[in-house]
Amino acid sequence: MERIIIKGGNRLKGTIEVSGAKNAVLPILGASLLCGGESIIYNVPRLDDVEVMVELLTYLGARIHREDHHLRINTTNVEPREIGENLMRRMRASNLVLGPLLGRFGAVVISQPGGCNIGSRPMDLHLRSMKALGAAIDEKSGYIRARAARLEGADIHLDVPSVGATENILMAASMARGFTILRNAAREPEIVDLQNYLNKMGARISGAGTDVIRIEGVQELKPCNHRVIPDRVEAGTHLVAAAITGGNVTVRNVIPEHVEPVLAKLREAGADFEVAGDAVRINSGPLRAVDVKTQPYPGFPTDMQPQIMALLSLGEGTSTITENIFENRFKHVSELRRLGADIRIEGKTAIIRGRESLSGASVEASDLRAGAALVLAGLAADNTTVVEQAQHIDRGYERLEEKYRILGADIVRVRA
Ligand code: EPZ
């Protein structure tokens with residue numbers, strides 16, 4: 001078990017570099033299954049979730065070598081082997097092999113990935129979409145079996161703009177016969193990165209980043225090299241780390257457009273920052289209370305909800321945060337309360353009365369973003385905060401405590 005120990009109160013100062021985007025790498029690794037040959041993916045962060053996806057692809061027959069921050073992947077010997085629950089249940093994003101394996105082989109057998117700490121996370125939209133593309137889907141005794149001689153292009157309209165379903169549809173439809181129009185598609189930047197990677201492989205996709213994506217299926221795709229976009233959620237987390245400690249930090253390797261939803265909310269709260277090229281410099285004073293509603297991109301990201309809650313726990317006034325994406329993403333509230341935060345929950349909304357200070361305590365991370373939020377709160381809290389189960393944080397952040405120590409935080413990780 002891992003714990004992170006923080007003596008709060010230090011203002012963060014200096015420059016911090018953002019790593020490649022976890023939620024772009026995972027679908028792109030899935031897409032590499034669509035053809036044989038060797039690809040190199042650059043700017044790949046060292047994260048546990050990436051390692052799980054590498055293990056999954058290796059199990060399917062891919063040969064993957066990591067060289068610093070890039071992965072050399074050979075998918076020539078990939079086969080659509082049955083994927084059991086031990087692999088599928090470790091990470092929800094394992095379901096991103098569904099579209100590529102159906103597209104390349106016309107056959108997939110995967111265990112239901114199951115829910116996680118933030119919600120039930122069903123796959124109904126993924127499966128309905130694969131059916132629309134001509135796949136026969138059979139769900140029995142916890143397994144999903146999908147088969148298709150050849151996928152056929154279709155008109156698909158998603159009930160909700162699901163990121164994962166949009167990604168599986170792009171990957172499957174890229175090798176279907178004919179045209180696919182996808183409406184109410186997710187518009188996240190990671191979808192645009194996936195489209196760019198697929199088009200480099202020879203796919204014919206347009207519209208990613210909007211809610212209508214058009215895919216013309218092709219017979220064959222070819223391997224290609226690709227550099228992954230920076231992680232907008234990591235960038236947002238660092239901006240909050242600077243704001244919550246009243247620090248003066250330059251966050252580098254940022255695509256400002258991708259973090260605009262978070263910048264807009266920080267601006268509303270009175271944070272003082274400037275955007276210059278691929279960097280955001282934040283020099284923040286005390287903040288005002290604001291209201292936050294999580295929405296699909298370009299709304300405020302649910303993956304930044306725990307972090308902004310930590311920030312709003314300090315300062316003047318009463319804020320509200322409404323979580324509209326996941327039905328159970330308030331597990332960090334009870335832990336923030338242990339640090340002295342004044343938060344009550346009414347349905348999907350948390351009401352946060354800003355406090356003058358938080359005080360250190362022992363708290364427990366329940367998932368990667370909740371864990372990051374507890375680290376942020378610990379950076380600002382008086383005395384010492386111990387974040388237990390800190391290994392959750394490694395799923396989405398590369399060496400978080402080292403990056404903050406470089407900025408002046410009194411923070412260490414111990415293996416209990
Ligand atoms: C992606 O998950 C991200 N993961 C999540 O990031 C992120 O929180 C989420 O999108 C929302 O932005 C990756 O990209 C690997 P969804 P995904 O399908 O694709 C419902 C993190 O912290 N839904 O957009 O699983 C679902 O229950 C992780 O990095 C269905 O009802 O999210 C949820 O309420 C956490 N049926 C909503 O849609 C379906 O078939 C959005 O889920 C699929 C989804």
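How many residues surround the ligand, and which are the closest? The ligand is surrounded by 23 residues, and the closest are Asp124, Leu125, Ser162, Asp303 and Ile325. A residue is near a molecule or strand if one of its heavy atoms lies within 4 Å of it.

Some notes on how to read the points below. This is a predicted model, in which local features need pLDDT of at least 70 and side-chain atom pairs count only at pLDDT 80 or more, while totals for chains, interfaces and linings use all residues. Residues are numbered from 1 along each chain as its sequence is written, and side-chain values use heavy atoms, with hydrogens and water left out.

1. Lys22 places a polar side-chain atom 2.8 Å from an oxygen atom of the ligand. Leu125 instead uses a backbone N or O atom, 2.7 Å from an oxygen atom of the ligand. At Gly164, a polar backbone atom is 2.8 Å from a ligand oxygen atom. Of the 820 Å² of accessible area that the ligand has on its own, the protein covers 86%. Accessible areas come from the Shrake-Rupley method with a 1.4 Å probe; for residues, only the protein chains shown count as cover.

2. Make-up of the shell. Helix H1 (22-31), helix H5 (124-132), helix H6 (163-173) and helix H12 (368-380) are the elements that give two or more residues to the shell around the ligand. Helices (H or I, at least four residues) and strands (E, at least two) are DSSP runs, numbered from the N terminus. The shell residues divide into eleven nonpolar, five polar and seven charged. Here Ala, Val, Leu, Ile, Met, Phe, Trp, Tyr, Cys and Pro count as nonpolar, Asp, Glu, Lys and Arg as charged, and the others, Gly among them, as polar. Domain 1 (2-19 + 230-415) and domain 2 (22-227) each give at least three residues to the shell; the domain bounds come from an automatic or database domain assignment.

3. Two covered helices. Buried means under 20% relative accessible area, exposed over 50%, and partly exposed in between (1.4 Å probe, protein chains only). In H1, nine of the ten residues are buried, among them Lys22, Pro27 and Gly30. In helix H10 (residues 305-312), eight of eight residues are buried, including Gln305, Met309 and Leu312.

4. Strand S6. Which residues of S6 point one way, and which the other? Ala107, Val109 and Ser111 point one way, Val108 and Ile110 the other way, and all are buried. Because five of the five residues of strand S6 (residues 107-111) are buried, S6 is largely enclosed by the rest of the structure. S6 pairs with strand S8 (residues 143-147) in the antiparallel sense, over five bridges. Two strands pair if DSSP finds at least two bridges between them. Ser111 has Tyr143 in S8 as its bridge partner.

5. Strand S12 and its neighbours. In a regular strand the side chains alternate between the two faces of the sheet. Strand S12 (residues 212-216) has Ile213 and Ile215 on a covered face, and Val212, Arg214 and Glu216 on an uncovered one. Strand S10 (residues 179-183) pairs with S12 in the antiparallel sense over five bridges, and Leu182 stands opposite Ile213. Strand S11 (residues 204-206) also runs antiparallel to S12, joined by three bridges, with Ile205 opposite Ile215. The hairpin of S11 and S12 has five residues between the strands, and Gly207 there takes a positive phi near 105 degrees.

6. Backbone points to check. Most residues other than glycine have a negative phi, and most peptide bonds are trans. Asn184 has a positive phi near 60 degrees; it is found in the loop between S10 and helix H7 (189-200) and is partly exposed at 23% relative accessibility. Arg399 has a positive phi of about 55 degrees. Arg399 lies in the loop between strand S22 (384-388) and helix H13 (400-406), and is partly exposed with a relative accessible area of 39%. A cis peptide bond, with omega about 10 degrees, joins Tyr297 and Pro298; Pro298 is in the loop between strand S17 (291-293) and H10.

Technical notes:
A polar contact is a pair of N or O atoms within 3.5 Å; within protein, one must be able to donate a hydrogen and the other to accept it, and residues adjacent in sequence count only if both atoms are side-chain atoms.
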